[in-house]
Amino acid sequence: MKRVAQRLAQMEESATLRMAQLARDVAAQGHPVISLSLGEPDFDTPQHIKDAAIRALQTGFTKYTPVAGLPQLRQAVCHKFKRDNGLAYTPSQIVVSNGAKQAIANLSMALLEEGDEAIILSPYWVSYKEILNLSGASVKFVSAGIEQDFKVSAEQLKAAISDKTRLLIYSSPCNPTGSLLTKEELASWVEVLQEFPNLIIVSDEIYEYINFSGQAHASIAQFDQIKEQVVIVNGFSKGFAMTGWRLGYMAAPQWIADACIKIQGQFTSGANAFGQMAAAYALEAEQEATLAMREAFERRRNLLIELLRQIPGFQVNKPQGAFYLFPDVSALFGKSYGNYQIQTDEDLVLYLLETAHVALVGGSAFGNANCLRLSYALGEEDLKEACRRIAEACEKLK
């Protein structure tokens, strides 16, 4: 009998990957699809980082690595935290993984079990829910809409946390909204969170370097009263355009780092050696390429906001980080064109893909069915053309 585990039936396919495949299917039919669905920078990995990987290969970094990562990279991560965030960690508190996604999976398996509760701040990255569900814990969502700039308040947090709450996870800058939490906003959270010393706070900071606010990145780990409750998850995909390198890391209290090393040791062991050496070099080298990418993303954000705000039915805020917009499009629900009936975000996504040949992702996958996620990790001309097509298609809806 062909049978898969019940847990698979309870797991949803990644909406971003599903939409990317649908876009490829439409493109294969000969249509010029513009994809705004994947969170992958269109920039190539900077040459100096690729050169560092080549040097590492040539000097013999082709062997198994320690499960928690090469000492060179763990030390570079510690230096990065001190330099960029004013945070002190030891190399033993750093765990390098095959992407930030594995770091989150390690945490879920190491910290959660049936009877526990995990809180996800919504809107959220699509994989949080599915990863946490595999632990057997129950998942609760705390949501904020566009009127709050998609930022959950301290009052909402206090109302949501219970004696069973074991873990809280969020991202800042946020995927999918681009919202950036300020030091003052985090301080208001800390007033609540310090009342729950058994709660572990997972701060996903992988978009740290894509920050348009003009202010230094604020991490909740900077607050001494809760630092021992905080795990920072980060990686190299976004700030260094290293998506295919699959390298992430966490900084955690020692007991959590040790638990995650034990988990990872049985699943993947360590990440590839030459990539880790290149990542260490990326952290220690000058950051001109990263800054240039950030400036390009900021120009694209401003362009896309200007164009989308001209489309009736799109309500767009101005996020301060990452490379996403998350417009509220609920004003278009109930409209139709020909055989297309737009009742939900998914209806609108399929309509735009099939008629405008623009690939987006419905907000329901991220916890808000009134919205769509647009990635602006594309050149400006593609963004202009995508908006022209979206506007033309939406104008037909009556």
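Which residue of β6 does Leu167 stand opposite? Leu167 stands opposite Ile200 in β6, and the strands concerned, β5 (residues 165-171) and β6, run parallel and are joined by five bridges. The structure is a predicted model, in which local features need pLDDT of at least 70 and side-chain atom pairs count only at pLDDT 80 or more, while totals for chains, interfaces and linings use all residues. Residues are numbered from 1 along each chain as its sequence is written, and side-chain values use heavy atoms, with hydrogens and water left out. Helices (H or I, at least four residues) and strands (E, at least two) are DSSP runs, numbered from the N terminus.

**Strands and sheet**

- Five of the five residues of β6 are buried (under 20% relative accessible area, with exposed over 50% and partly exposed in between, for a 1.4 Å probe and protein chains only), so β6 is largely enclosed by the rest of the structure.
- Both faces of β6 are covered, with Ile200, Val202 and Asp204 buried on one side and Ile201 and Ser203 buried on the other.
- In a regular strand the side chains alternate between the two faces of the sheet.
- An open sheet is formed by three strands in the order β9-β14-β13 with antiparallel pairing, where two strands pair if DSSP finds at least two bridges between them.
- β9 is joined to strand β14 (residues 372-375) by two bridges, and the bridge partner of Tyr324 in β14 is Ser375.

**Helix packing**

- Helix α5 (residues 100-111) packs against helix α9 (residues 254-267) at an angle of about 105°, with their axes 9 Å apart; the axes are lines fitted to C-alpha atoms over the stretch in contact, and angles run from 0 to 180 degrees between N-to-C directions.
- That makes α5 roughly perpendicular to α9, a class that spans 65 to 115 degrees, whereas angles under 35 count as roughly parallel, over 145 as roughly antiparallel and the rest as oblique.
- The contact (heavy atoms within 4.5 Å) is made by residues including Gln102, Leu107 and Met109 of α5 and Trp255, Ile263 and Phe267 of α9.

**Aromatic pairs**

- The count comes to 18 aromatic pairs, where rings of Phe, Tyr and Trp (its six-membered ring) pair if their centres lie within 6.5 Å, and planes under 30 degrees apart count as stacked, over 60 as edge-to-face and the rest as tilted.
- Trp125 and Tyr128 form an edge-to-face pair at 5.5 Å centre to centre with 85° between the planes; Trp125 counts as buried at 18% relative accessibility, and Tyr128 counts as buried at 1%.
- Tyr209 and Phe240 also form an edge-to-face pair, at 5.6 Å centre to centre with 80° between the planes.
- Tyr209 lies in the loop between β6 (200-204) and β7 (230-235) and Phe240 in the loop between β7 and β8 (248-251), so the pair ties together parts that are 31 residues apart in sequence.
- Phe240 counts as buried, at 3% relative accessibility.
- One aromatic cluster is formed by Phe43, Tyr207, Phe297, Phe323, Tyr324 and Tyr376.

**Surroundings of Leu247**

- Leu247 lies in the loop between β7 and β8 and counts as buried at 1% relative accessibility.
- Not counting residues up to four places away in sequence, Leu247 touches several residues, among them Val96, Gly99, Phe236, Ala271 and Ala279.
- The C-alpha atoms of Leu247 and Ala369 are separated by 31 Å, and these residues are 122 residues apart along the chain.
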